[in-house]
Amino acid sequence: MPNIFMDTYDVIVIGAGHAGIEAALASARLGCKTLMLTMDIHSIGRMSCNPAIGGVGKGQLVKEVDALGGQMGLAADACGIQFRILNASKGRAVQSSRAQIDMHRYNQYMQELVMHTANLEIKEAEVKRLIVQEDRVRGVLTSRGEEIEASTVIIAPGTFLDGLIHVGLKHFSAGRLNEPAASGLGDHLKALGFGVLRFKTGTCPRLDKNTINYSKLIIQYGDTNPKPFSFATDKLSQKQIPCHLTYTNQETHKIILENLDRSPLYTGLIKATGVRYCPSIEDKIVRFKDKERHQIFLEPQGLDTHEVYPNGISTSLPEDLQLKIIHSIEGLQNAKVIRYGYGIEYSMVEPTQLYPTLETKRIKNLYLAGQINGTTGYEEAAAQGLVAGINAVLKVKNKEPLVLDRSSSYIGVLIDDLTTKGTNEPYRMFTSRVEYRLILREDNADTRLSKLGAAIGLLSEERYALTQKKIKEIERGIKLLKNTRIKPTTEVNAVLSRLNSSLLKREATLEELLKRPQIGLADIRSLAKFTIAQEVEIEVKYSGFIQRQLKDVEKFKNLEKIKIPVLIDYAIIPSLSREIKEKLGKFKPLNLGQASRISGVTPVAISILMIYLRKLNG
């Protein structure tokens, strides 16, 4: 007889990584009695891999999490030690924030926050099974035999679900180095009928900074005027420090190519699918044999630690080979290894088995978030955790769920890709995945999503007031530009000549001048002597492109508006092929837009379905 854990909860969150934290905080802050289950409370918020947050496409996710009332952006600002805008020389649509993070401070920050959040309890326990009755989750069963009841459950286990670490030809069960894997739950999910796959990721060795010859390396500073992630952060408080750059060489490549027989990746020990966009060093050397060298960024893991993360040499090779590889690299000839790198296989659930709310189609009130859905990265996990947490609360309160579509956010693209297309490899967010990226920029994440965050109840009134103030400032700035006319004076034309822009022959508005490719907001300020919000430049300079994308969004939304009943019987719809009926029945799209993005569902099938739905609705 199991022990009965007397308390019951509105929401149970399994896991205390980036997805679990956002889910638990959202649930508790929205007033639900929440329980976070973790195998080690000291691991809450631990950064398993690189000491950084953000990146191309990922920075947008962090900004959106912040705009909705999530925590990752604020945490990154509190613990960041170097901030940079990536793609700064390119268009605004693809610029993304990235910050090096003091990972020990981040770990402490998140632990303190979670432990002192009202409505949130933390318990050390390993979940073995779900309690399911009539296709509805009712709670969880722990390894100690405790039954814990809950209205909803969110599973966010990271790489811990049946985790298997590889170092050379050795392998052992673990969810992270020196931390036990979560065993049993993966098999239980299979028994419940879920399709479960195996994915693989890896991490780099950690080096002792006191043994690195920095005089041989290229120094890389952060931005002179660093921009925070959170729209609520006025000033970054942490000391900012540089990173360093070095490269692999022919000797490095020779060591790897001559020892592939000791690689679990190339001897077949690792059978799971790895991260294509972030391959191991051995995979890079084999796949890109024509490249003479590969970049390695030496990233400090914090202000008070000697550990350095050599970003670019993720590996599962044996320890002696890792050491040879490191010592073959400029500046690292005498470097000492604090911890060796490893590869890790883990179980994930095919995400097409989820609704865009992240609730599973098979089991009601059960939500999945993070790497269990096939993603890789802290940012993708946090975004899913936030959505799962919000929707679990909305389910408990019998309210309409939150569904973010592709036209609203990067988060919407992320979840739509997963739930309609699935993924056959660890999924990573990029700006290239986003059709409407010019209107889904980092700088306007707050003006796009803060109203929604406030309506849900996660974003404070003070935060939402800041966004409203910003919107008014932008409107004021655009109005000023439209109404302020500049005469073709000698002084004005001298400025335009210096900027290699054509001279004025007649009066022009500042808006017309700002649309010129050679002229930026700083130049306009020098001509007009008044202050305008930075975002005004983007709205004006790209106004034509933005208007075209907004028209595309309207077309997109027309399909999204046509809802499909959950209990629709596709088998009785005439003219649909058997294959398409089976696909629609399997994926259970909520609207025509989602149906149109399912692989193999043709435009003709969408037209047939649209006609059928119109008849159905009278």
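Mentor: Contact here means heavy atoms within 4.5 Å. The model is predicted, so local features need pLDDT of at least 70 and side-chain atom pairs count only at pLDDT 80 or more, while totals for chains, interfaces and linings use all residues. Residues are numbered from 1 along each chain as its sequence is written, and side-chain values use heavy atoms, with hydrogens and water left out.

Trainee: Which residues in α12 meet α11?
Mentor: Helices (H or I, at least four residues) and strands (E, at least two) are DSSP runs numbered from the N terminus. Helix α11 covers residues 445-456, and α12 covers residues 461-483. On the α11 side, the contact is made by D446, T447, S450, K451 and A454. Their partners in α12 are Y464, T467, K470 and I471.

Trainee: How many residues of each class are in the contact of α11 with α12?
Mentor: Ala, Val, Leu, Ile, Met, Phe, Trp, Tyr, Cys and Pro count as nonpolar, Asp, Glu, Lys and Arg as charged, and the others, Gly among them, as polar. In the contact of α11 with α12, the residues divide into three nonpolar, three polar and three charged.

Trainee: At what angle do α11 and α12 pack?
Mentor: Axes are lines fitted to C-alpha atoms, for helices over the stretch in contact, and angles run from 0 to 180 degrees between N-to-C directions. The axes of α11 and α12 are 10 Å apart. The angle at which α11 and α12 pack is about 145°.

Trainee: Is the crossing of α11 and α12 left-handed or right-handed?
Mentor: A crossing is left-handed if the near helix is turned anticlockwise from the far one by less than a right angle, and right-handed if clockwise. By that rule, the way α11 passes α12 is left-handed.

Trainee: How close do the axes of α2 and α11 come?
Mentor: Helix α2 takes in residues 58-68, and its axis crosses that of α11 at roughly 35°. This crossing is right-handed. The axes of α2 and α11 come within 7 Å.

Trainee: Which residues of α2 make the contact with α11?
Mentor: On the α11 side are A445, D446, R448, L449, S450, L452 and G453. By class, the contact of α2 with α11 has five nonpolar, two polar and four charged residues. From α2 come K63, E64, A67 and L68.

Trainee: Is Q100 buried or exposed?
Mentor: Q100 sits in strand β5, residues 96-101. Apart from neighbours within four places in sequence, Q100 is in contact with P51, A52, C79, G80, I81, Q82, C243, E299 and P300. Buried means under 20% relative accessible area, exposed over 50%, and partly exposed in between (1.4 Å probe, protein chains only). The relative accessible area of Q100 is 2%, so Q100 is buried.

Trainee: What distance separates the C-alpha atoms of S143 and Q100?
Mentor: S143 belongs to the loop between β8 and β9, and S143 is partly exposed, with a relative accessible area of 43%. Not counting residues up to four places away in sequence, S143 touches E126 and K128. S143 and Q100 are 43 residues apart along the chain, and their C-alpha atoms are separated by 37 Å.

Trainee: What is the phi of D135?
Mentor: Most residues other than glycine have a negative phi. D135 lies in the loop between β7 (127-133) and β8 (136-142) and is partly exposed, with a relative accessible area of 46%. Although D135 is not a glycine, its phi is positive, near 60°.

Trainee: Where is D162 found?
Mentor: D162 is not a glycine, yet its phi is positive, about 55°. D162 is in the loop between β9 (147-155) and β10 (164-167).
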